[in-house]
Number of protein chains: 2
Amino acid sequence: MLYNGNMEEIRIIEVKQSVFAANDRKADELRQQLKEKGTFLLNVMSSPGSGKTTALSKIINILKKDYQIGVMEADIDSDVDARTISSLTGVETIQLHTGGMCHLDAGMTAQGIDSLEDKHYDLIILENVGNLVCPAEFDTGSIANMCILSVPEGDDKPLKYPLMFEVSNFVLINKIDVLPYFDFDVDKCKENIRYRNGMADIFEICAKDGRGIEEVAEYIRKLIEDWRK
Amino acid sequence: MLYNGNMEEIRIIEVKQSVFAANDRKADELRQQLKEKGTFLLNVMSSPGSGKTTALSKIINILKKDYQIGVMEADIDSDVDARTISSLTGVETIQLHTGGMCHLDAGMTAQGIDSLEDKHYDLIILENVGNLVCPAEFDTGSIANMCILSVPEGDDKPLKYPLMFEVSNFVLINKIDVLPYFDFDVDKCKENIRYRNGMADIFEICAKDGRGIEEVAEYIRKLIEDWRK
């Protein structure tokens, strides 16, 4: 849209490119295989630095008492997150390097699952590349998608990154400990999330001090149990 | 990499895909055209919510006294940022909708420039899609790349998103007002940036209260004047 100095006129310039090759069939195949194996795949997405790794460590430490868990950490480079998850939880963790790619697709996810140690997993958690755009475009074959939005990012993000919130089954609003220092309206944020996705369940958490983590773990447990029925 | 419970073993699984089609030639063409017109194109990149729009508004309000400026706001959806920039600065601003795409390439950028009002610009600023991954992979035809990393995102981001820091001529560390509330080591962050790019100039700013903005504006002015020589 164009605004000239006196804000009178609007122009929208569409710069669409052709869509990425669909990987939906591969994702459905993977989902079918997971169903047969009884393995729930949770795909976790967010911007860089919104607290995926910290939140997951705490959630895993609750759920690992009842479930056999495997974790796949996707990153462009480094193994910081895999080291963190592994040392904080002790569960099977592999690092997936995407070779510069901004997301994982179903094929890459299947490759990752095949690379996990060969045993039964009740729950495999995929921590996707930190990116609020591309990971939402590629179905990984997951059973459920979780998205984290942190307070410093702003309550308007669901308006600017629609697809991420449309494809997420539930959203964690993280870093609520720093609410006093940012212009972030929790109610407005929830409204923006629900504008994109009326079905999304929303949790307020602080991964750092553990607030809200127990509720999220119970919610995931319920997702797994409902899916098994 | 795989860490099993006792951290003894490491496995790296590469899941590379074929690289995106090169758009380098188009970018070089655009750069040549910009040179002939005397228009400096600045490409601004960061994660969602790191403060691009706020920082740019303040920088533009300093530079607009001496330069004719145009702004292109790239977003997947919404026109929040274009409205903000336009109302805070009064300069020519257009909103580019990428139709779901996670980045701008040189062709899209050229399309945007053609859509700006037909007059001479000394400086065109492209606010790229909020994304620390993909925009770095596509040369937009810009003369310089600026990246913003904000304190809440963490000082380890240059390790995890290498290319962004490799292609950026200068980096702003934003939101230094909230340093007391986050585990963020400014010196460590600078070291991580320089590990990726020894040539990068680094500024500490707070876009909200204006700290450091004057220095960044002067730096950009110098870039423009040096390029004109």
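Colleague: Which parts of chain B are tied together by B:Phe170 and B:Phe203?

Modeller: B:Phe170 and B:Phe203 form an edge-to-face pair, 6.5 Å centre to centre with 85° between the planes. B:Phe170 lies in strand 8 of chain B and B:Phe203 in strand 9 (residues 201–204) of chain B, so the contact ties together parts that are 33 residues apart in sequence. B:Phe170 is buried, with a relative accessible area of 0%, and B:Phe203 is buried at 16%. In chain A, A:Phe170, A:Phe203 and A:Tyr219 form one aromatic cluster.

Colleague: Where does the charged end of A:Lys35 sit?

Modeller: The charged end of A:Lys35 sits over the ring of A:Trp227, 4.6 Å from the ring centre, and in chain B the charged end of B:Lys35 sits over the ring of B:Trp227, also 4.6 Å from the centre.

Colleague: Turning to charge pairs, how many salt bridges does a search of the whole structure find, and is A:Lys157 buried or exposed?

Modeller: The search finds 30 salt bridges over all chains. A:Lys157 and A:Asp156 meet through their side chains in a salt bridge at 2.7 Å, N to O; A:Lys157 counts as buried at 4% relative accessibility, and A:Asp156 counts as buried at 18%.

The side chains of A:Glu225 and A:Arg228 form a salt bridge at 3.6 Å, N to O. Both residues lie in helix 8 (residues 213–228) of chain A, three residues apart, which is about one turn of the helix. A:Glu225 is partly exposed at 34%, and A:Arg228 is partly exposed at 39%.

Colleague: How far apart in sequence are the parts that B:Arg221 and B:Asp66 tie together?

Modeller: The side chains of B:Arg221 and B:Asp66 meet in a salt bridge at 2.7 Å, N to O. Because B:Arg221 lies in helix 8 (residues 213–228) of chain B and B:Asp66 in the loop between helix 2 (52–63) and strand 4 (69–75) of chain B, the pair ties together parts that are 155 residues apart in sequence. B:Asp66 counts as partly exposed, at 48% relative accessibility. Salt bridges can also be linked, and A:Asp28, A:Arg31 and A:Asp139 make up a network of this kind.

Colleague: Which residues of helix 3 of chain B are buried?

Modeller: In helix 3 (residues 80–89) of chain B the buried residues are B:Asp81, B:Ala82, B:Ile85, B:Ser86 and B:Thr89. They cover an arc of only 125° around the axis, which means that they lie on the same side of helix 3 of chain B. Just after helix 3 of chain B, B:Gly90 takes a positive phi of about 75°.

Colleague: What phi does A:Lys175 have?

Modeller: Most residues other than glycine have a negative phi. A:Lys175, although not a glycine, has a positive phi of about 65°, and its place is in the loop between strand 8 and helix 7 of chain A, where A:Lys175 counts as buried at 13%. B:Lys175 likewise has a positive phi of about 65°, and B:Lys175 is buried at 12%.

Colleague: What is the mean pLDDT of chain A?

Modeller: The mean pLDDT of chain A is 89, and 90% of its residues reach 70 or more. Over residues 1–20 of chain A, however, the pLDDT is below 50, although this stretch has 55 contacts in the model beyond near neighbours in sequence. Where pLDDT is low, the predicted coordinates should not be read in detail. The model scores ipTM 0.82 and pTM 0.87.

How values were computed: Residues are numbered from 1 along each chain as its sequence is written. Chains are lettered from A and ligands numbered from 1 in the order in which they are written. This is a predicted model: local features need pLDDT of at least 70, side-chain atom pairs count only at pLDDT 80 or more; totals for chains, interfaces and linings use all residues. Side-chain values use heavy atoms; hydrogens and water are left out. A salt bridge is a side-chain nitrogen of Lys or Arg within 4 Å of a carboxyl oxygen of Asp or Glu. Buried means under 20% relative accessible area, exposed over 50%, partly exposed in between (1.4 Å probe, protein chains only). Helices (H or I, at least four residues) and strands (E, at least two) are DSSP runs, numbered from the N terminus. Rings of Phe, Tyr and Trp (its six-membered ring) pair if their centres lie within 6.5 Å; planes under 30 degrees apart count as stacked, over 60 as edge-to-face and the rest as tilted. A charge sits over a ring if NZ of Lys or CZ of Arg is within 6 Å of the ring centre and within 35 degrees of the ring normal. pLDDT is the predictor's confidence in each residue, from 0 to 100. Contact means heavy atoms within 4.5 Å. The arc is that of the directions from the helix axis to the C-beta atoms.
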